[in-house]
Amino acid sequence: MGPDVIPAALVPAMPHLLAGDPADSWAELAAATRTVGDRLRAAGVDTVLLLSTQWFTVLGHQVQCDDRLRGRRTDENWYAYDYGHLDHDLAVDTELAHAWADAIDAAGMQARRTRYDGFPVDTGTVVASKLLDPHDEGRWAMVSCNLYADPAAMAAVAAAGVRAADQLGRRLGVVAVSGLSSGLTARWIRPSEDRVEPEHDRWNRKVLDAVRAGDRSAVLAMREEFAVAAQADSQFRAFAFLDGSGAVDRPGEVLAYGPVWGTGAAVVWWGEHTNTRET
């Protein structure tokens, strides 16, 4: 992979990917996320720039500045399942985190440097880190998803992170932890019953087709309609974040797509060379 190509990925946030007895789609999405982790390591990534739509805030853009996040996440929805209690041990690249926060401020936005004991790491971050980095050997730089930030702001936050990493000489990977459609099934189901509602499925596939084609402008143009028609997770602003990093100006490889408790989820990889096969 060339030195100017930033590897990037979109991965799911739901803890079902860690289930001991998963639905087929959950297992496929988990395996694809592990593949992304393998590819990031093969690319020689020093630090992963990460946005999880489940770490949402309303005041500024919070950047995690604690050098080590250890603890257990108990998910408020799925605590009765084997995937509802998740241990984590995350190493944070604090030099990059502070530089990123400075770059956000310099761009005319407001960064908040977050560091306090017992910080509640969100489920999406924990799930993604356990699949991408199962041996806890990587480093992370994490920013919150401001609920009131428009796509342009999300893109600017990512661009600030890339600039900060470049100034420090970091080999960077970028990961957005987010779903597609968010029509959660509001009842208890067996894993084998998991489905995406047909209209949501149609929209998810339409977006993924544009991603495969490398048509970032089309994805951004349909984002608002996608958000309304399919209840897209956080209005699919995760794609704006990835776009701001400069990593999605090429075809994306859809490694997996399927339902997670009624929501739509996908694992997409952007590298130097991608395979745009159908999924």
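**Strand β10 and its surroundings**

Within strand β10, Trp-269 is the bridge partner of Ala-9. The model described here is predicted, so to speak of local features a pLDDT of at least 70 is needed, side-chain atom pairs count only at pLDDT 80 or more, and totals for chains, interfaces and linings use all residues. Residues are numbered from 1 along each chain as its sequence is written, and side-chain values use heavy atoms, with hydrogens and water left out.

Strands and helices are DSSP runs numbered from the N terminus (E, at least two residues, for strands; H or I, at least four, for helices), and two strands pair if DSSP finds at least two bridges between them. Strand β1 (residues 8-11) pairs with β10 in the antiparallel sense over three bridges. Strand β9 (residues 253-260) also runs antiparallel to β10, over seven bridges, and here Glu-253 has Trp-269 as its bridge partner. Two residues lie between the strands in the β9 and β10 hairpin, where Trp-261 takes a positive phi near 55°.

Strand β10 (residues 263-270) is mostly covered, with eight of its eight residues buried (under 20% relative accessible area, using a 1.4 Å probe and protein chains only). Thr-263, Ala-265, Val-267 and Trp-269 point one way, while Gly-264, Ala-266, Val-268 and Trp-270 point the other way.

Trp-270 leads on to the nonpolar cores, which are sets of buried Ala, Val, Leu, Ile, Met, Phe, Trp, Tyr and Cys residues joined through side-chain atoms within 4.5 Å. The largest has 56 residues, and Leu-10, Trp-100, Phe-236 and Trp-270 have the most contacts inside it. Helix α4 (residues 151-168) gives the largest share of this core, eight residues. Another core, of 43 residues, lies apart from it and includes Leu-17, Trp-55, Trp-140 and Ile-189.

A cavity is a set of points on a 1 Å grid over the protein atoms alone where a 1.4 Å probe fits but cannot get out, and lining residues have an atom within 4 Å of a point. The space in the largest cavity is about 40 Å³.

Helix α7 (residues 237-244) is mostly covered as well, with seven of its eight residues buried, among them Arg-237, Phe-239 and Asp-243. After α7 comes Gly-246, with a positive phi near 80°.

Technical notes: Buried means under 20% relative accessible area, exposed over 50%, partly exposed in between (1.4 Å probe, protein chains only). On a 1 Å grid over the protein atoms alone, a cavity is a set of points where a 1.4 Å probe fits but cannot get out, and a pocket is an open set with protein on both sides within 12 Å along at least five of seven lines; lining residues have an atom within 4 Å of a point. Grid points are joined across faces, edges and corners, and a volume is the space filled by probe spheres set on the points.
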